[in-house]
Every structure is written in structure tokens, then in C-alpha cells.
Amino acid sequence: MPCRLLIDLDCLMILRSSLKAVSPEEGCALLLGKSAPDLHVRCVWPCCNVWRPGLGGVSDVISGDGDQASVSASRRSRFALDPREQIAAQRWSRQRGWRVLGSAHSHPGGQPVPSAMDRQWAASEGVVLIDAGAAGVRAWWLQGPGQEGVPGKSVSALSIVVQSDATVGDTMKSCADGAFLLQ
């Protein structure tokens, strides 16, 4: 299991801008790059949020989801990636010797922590990066399906390392738990 996520500053800026552009709805994107020796995001692939009630025949009701319990199910509290965009991103990544490392999405007005719905809907093991605006950006490693594919997969925090050739100065505040805030 990885313990840190490297992301280029320009990728982070593109990600945050594309997620914020659709606010107050949740935005989403795929994270493309290399996974050895560390997870390294080299490209952000912004996607359309195609969530709609009843998508995929999965219930939208999750008990005990404190982060999103007070918000009715809509694109303001849910997201789904278009499968066609996922296939295009996978092909494009393979042509460059990269892979899809995971996904990113926003929690407008929420916290940068995976909700129970995020864990249930995740299709596979990988990175989940959540941008909660003023509450910060955090990255998580989502474990693969548990015993017999039980939903509610476990998550582990990843440290985020922002790489840049430019001088960032005091625009970035690091936190001990690996989270950071852009001010």
C-alpha cells in the first residue's frame, strides 16, 4: 500500500480549477501517471459528472453517512464518472506508459474525507483525492473489495507532496497528517 502521492503543481491547479468550475455540484476527474516507485500524478483528466438517481441500480441511501446525510441525493452530493471518459483516459495513459491511478472529486461545503457513498461506489483499489475548497485537499488510498466484495471499503490517508520548479513561497500550508491548504 502506498503512503504518499506526488502531484505536479500545475496538475493540482488544473484539478482544483476544474472541480471548482462546476460548484455547487460535485466535480470529478481521473488522475493519470506512474505508480513506481511512488504514485506520481502527471496529468489530470477532468470528467463530466454523469450521476443521476438510480444510476447503475445501486441504492443512494447509506446509513450512518454523517458527511452527506443532510444533503438530498443530487449532483451536489454525488458523482459518477462517464465510462466512455474512463476508457479514453485509460487508452491515452497506456500510450504514454502511464496508468489511471485513481479519481478526484469535490465535496462542496463538506470535508475532504471519503464518505460512505464514496467507499461504496468505488469500483477498484486506488487513489481518491478530495477537494473540499476552504477545508483543504486530502488524498486517500482506497483498499480493494473486502471479503466477498463487501461495500464500505477501508481507506488510508496518503501524504501529498506537491512538486514544482517554481517558487511557491508561503502559498501552501502543510499539515502533519499529509493534508494541505492552498491559501
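## Starting with Asp8

In which strand is the place of Asp8? Asp8 belongs to β1, a strand that covers residues 4-8. Keep in mind as you look around that this is a predicted model.

Is Asp8 buried or exposed? Its relative accessible area is 15%, so Asp8 counts as buried. As for its surroundings, Asp8 touches His40, Val41, Arg42 and Gln163, leaving aside residues up to four places away in sequence. With His40 there is also a polar contact between the two side chains, at 3.1 Å.

## The largest pocket

Next, let us visit the largest pocket, whose volume is about 670 Å³. It is lined by 26 residues, and those closest to its centre are Leu81, Gln86, Ser103, Ala122 and Ala123. Four elements are listed as giving two or more residues to this lining: α2 (83-95), β4 (99-106), α3 (116-121) and β5 (126-131).

Strand β4 provides the largest share of the lining, with six residues.

The lining of the second largest pocket divides into three nonpolar, six polar and four charged residues.

Notes: Residues numbered from 1 in each chain as written. Predicted model: local features only at pLDDT ≥ 70, side-chain atom pairs only at ≥ 80, totals over all residues. Heavy atoms only, no water. Buried < 20%, exposed > 50% of the residue type's maximum accessible area, 1.4 Å probe, protein only. Polar contact = N/O pair within 3.5 Å; in protein donor to acceptor, adjacent residues only side chain to side chain. Contact = heavy atoms within 4.5 Å. 1 Å grid on protein atoms, 1.4 Å probe; cavity = no way out; pocket = protein on both sides within 12 Å on 5 of 7 lines; lining within 4 Å. Points joined across faces, edges and corners; volume = space filled by probe spheres on them. Nonpolar A, V, L, I, M, F, W, Y, C, P; charged D, E, K, R; others polar.
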